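Please take the sequence and the model below together, and follow them from a single side chain to a sheet.

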Amino acid sequence: MHGPGGRRGQNAAAELRRRVHEIIRLRMAGDVASMVRLFVENVELTYNCTKLGLFPAGQWRGRDALRENLRRTDIDYEPLDAEILSVLVEGDRTAVRWLGKWRHRATGQIFRMDMAHFLRWRNGLVAQMSEFVDHHCASRAPDVLIPNFEEMLAPGDPGLDRDEIARRMIELGNFSERGPSVALFREFCAPDVVCEFVGDRASISYAGRHRGMEALANIIRTIGVEFEQLGHAMPEVVVDGDCAAVRRTVEWRHRGTGRLGLVELADFARFRKGLIVEIVEFRDSVALLQMQD
């Protein structure tokens, strides 16, 4: 049985999950006024996004800036529907992944976008929001990792405690100038790991979902050939049961152009029996394109 503190923590986490669902529901319904009331007056906003122009990149502050960004988006794009994939809660921090579908009003073209938000709450309202959005890339093969019925009802056993999960996620992301360590990924990931790199294949050749350690190893080597990591900021880590989400800022140099850039990245992972069985990565694609163009 959970003690009173445990129950309170569970109830608080359930309430934050409910509020995340409500924010997305209101956004897709076009009820901006109600949605904005779930943010503090001086909310801090960071947008990391595609070159498409769905959402304005940069850092903003305040409810007025949030309203204006939503207004600018809705001039050109009509929100259609959304599918929430995962909501992680730890204390006053939340990480959420979802798919949003939007129609371009002028052309009628439909865009399906992968979206992720890292939220920090204050007295039940969003005080900080960092957003990642990019084109949804359909898999070449049916590589989706389908949980069994028991896993859908309750999170599985990650096989590791919270601090060890966080340590492994941080270590995987903080690679040296020589590039990411394939050996470390082999140590921390299951042989049949499913990996997904969010984005458009026109700009990221390995975008989409892939299965198996060898596929992941080849992608890791490609990243090491393209980019040199020079430094990193202390990451934000959210661990909830068998899932973890990490948002980090890294300084990369494109080896081809020599250009430097600060890149925001977000990684979502699921653990089972001490190993990562699924990992999804979002990137600040605008920053990466500026380094390569």
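His210 belongs to strand β8, residues 208-211, where helices (H or I, at least four residues) and strands (E, at least two) are DSSP runs numbered from the N terminus. With 15% relative accessibility, His210 counts as buried, the term buried standing for under 20% relative accessible area, exposed for over 50% and partly exposed for what lies in between (1.4 Å probe, protein chains only). A polar atom of the His210 side chain lies 2.7 Å from the backbone oxygen of Tyr206.

This is a predicted model, in which local features need pLDDT of at least 70 and side-chain atom pairs count only at pLDDT 80 or more, while totals for chains, interfaces and linings use all residues. Residues are numbered from 1 along each chain as its sequence is written, and side-chain values use heavy atoms, with hydrogens and water left out.

Most residues other than glycine have a negative phi. Asn123, however, has a positive phi near 55 degrees; Asn123 sits in the loop between β5 (110-122) and β6 (125-135) and, at 78% relative accessibility, counts as exposed. Lys273, which is not a glycine either, has a positive phi of about 55 degrees, lies in the loop between β12 (260-272) and β13 (275-283), and counts as exposed at 73% relative accessibility.

Strands β5 and β6 also take part in an open sheet of six strands, ordered β2-β1-β6-β5-β4-β3 with mixed pairing, two strands being paired if DSSP finds at least two bridges between them. Because β2 (58-61) and β3 (77-90) each have a single partner strand, they stand at the edges, and one side of each is left without a neighbour in the sheet. Within this sheet, β4 (residues 93-104) runs antiparallel to β5 and is joined to it by eleven bridges.

Methods: Polar contact = N/O pair within 3.5 Å; in protein donor to acceptor, adjacent residues only side chain to side chain.
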